[in-house]
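This report takes one predicted model and walks through a few of its residues, its nonpolar cores and its confidence scores. Have the structure open while you read.

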Amino acid sequence: MADPEKPQADAHVPSPRSVAAKPFTVSEGHRQIRSFVLRQGRFTPAQQRAFDEQWSRFGIDYTGQPRDFDAIFGRNAPRVLEIGFGNGEALRFAAEHDPARDLIGIEVHAPGVGRLLNALAAADASNVRVYHHDAVEVLTHEVADGSLDEVRIYFPDPWHKKRHNKRRLVQAPFAELLVRKLAPGGRLHLATDWHDYAQQMWDVLDATAGIVNRAGKRGSVERPPWRPQTHFETRGQKLGHGVWDLIYDRC
């Protein structure tokens with residue numbers, strides 16, 4: 001019999017989720033070149049509470065198995081995936097302004113995930129789910145081929161030193177993976193404020209079978225209305241820095 005004076009666990013309180021120190025699969029004896037370094041920064045108590053209290057609502061745990069996203073969202077709707085969402089500004093904007101589509105965000109940095117979880121809860125969003133894991137693994141193992149209507153990659157780490165360029169996310173094998181996941185007529189949208197990286201994106205993507213640059217070979221477009229302008233982007237433009245938006249359509 002339970003002790004009446006001992007507090008009982010509340011079945012409605014979600015169990016805390018520990019934040020993965022390494023949000024990717026570790027293979028013994030194998031060191032994989034990754035496109036990110038885990039510069040976590042300060043992880044605040046509020047961000048940990050977001051994982052504790054909101055992960056069960058907005059989070060998707062990586063399992064390495066194919067996912068039924070219709071079941072996860074409770075509906076069948078066009079699906080958008082954002083890779084490396086940072087603090088989640090674009091996802092928050094899309095959740096409010098594009099409610100007819102379901103949004104999946106992937107980010108390895110826990111503070112940004114925590115901020116987004118808090119923001120989604122405050123907005124009572126229903127069309128966003130989040131992975132705290134490596135995007136390549138999620139795409140490879142959990143996302144079905146031809147199931148995405150759009151993939152967004154905004155301001156990926158430029159790895160500006162030439163010796164580090166091999167770490168950049170946009171490489172030929174990754175581009176081929178993205179094409180497989182896009183549905184016919186789907187869209188790939190990238191943005192960068194580093195011209196050298198834009199050049200690499202053109203080199204890779206213009207040569208990738210199955211997608212066509214909407215602006216023509218080595219072309220870019222004006223920032224489309226579905227991508228909000230960030231604070232850092234505004235500051236950079238005042239300093240004369242360029243921003244390149246690249247849009248590719250799946251054939």
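N165 touches P158, W159, H160, Q171, D196 and Q200, leaving out residues up to four places away in sequence. It sits in the loop between strand 5 (148-154) and helix 6. N165 has a relative accessible area of 18%, so it counts as buried, the cut-off being under 20%.

One of the partners of N165 is Q200. Q200 is itself among the buried residues of helix 7, together with Y197, A198, M201, W202, V204 and L205. What lies over these buried residues? The cover includes helix 6 (172-181), strand 6, strand 7 and strand 8 (244-250).

**Annotated positions**

An unreviewed UniProt entry carries a "binding site" annotation on K161, D193, T230, H231, F232 and E233. Such annotations may be inferred rather than shown by experiment.

| Residue | Relative accessible area | Class |
|---|---|---|
| N165 | 18% | buried |
| D193 | 44% | partly exposed |
| T230 | 18% | buried |

D193 lies in the loop that links strand 6 (182-192) to helix 7 (195-205). Not counting residues up to four places away in sequence, D193 touches F155, G242, V243 and W244. T230 is in another stretch, the loop between strand 7 (211-213) and helix 8 (231-238). Where does the side chain of T230 reach? It comes to the backbone nitrogen of E233, at 3.0 Å. Both T230 and E233 belong to the annotated set.

**Nonpolar cores**

The largest nonpolar core holds 35 residues. Which of them touch the most other members? They are I83, L139, L188, L190 and L205. Helix 7 gives the most to this core, with 6 residues. L205 is also one of the buried residues of that helix.

I83 is in contact with I106, A135, L139, V151, R152, I153, Y154, L169, F174 and L178, its neighbours within four places in sequence left aside. L139, in that list, is another of the residues that touch the most other core members. A second, separate core has 18 residues, including V80, F85, L91 and V113.

**Confidence**

The chain averages a pLDDT of 87. A score of at least 70 is reached by 84% of the residues. Where pLDDT is low, predicted coordinates should not be read in detail.

Key
Residues are numbered from 1 along each chain as its sequence is written. This is a predicted model: local features need pLDDT of at least 70, side-chain atom pairs count only at pLDDT 80 or more; totals for chains, interfaces and linings use all residues. Side-chain values use heavy atoms; hydrogens and water are left out. Helices (H or I, at least four residues) and strands (E, at least two) are DSSP runs, numbered from the N terminus. Buried means under 20% relative accessible area, exposed over 50%, partly exposed in between (1.4 Å probe, protein chains only). Contact means heavy atoms within 4.5 Å. A polar contact is a pair of N or O atoms within 3.5 Å; within protein, one must be able to donate a hydrogen and the other to accept it, and residues adjacent in sequence count only if both atoms are side-chain atoms. A nonpolar core is a set of buried Ala, Val, Leu, Ile, Met, Phe, Trp, Tyr and Cys residues joined through side-chain atoms within 4.5 Å. pLDDT is the predictor's confidence in each residue, from 0 to 100.
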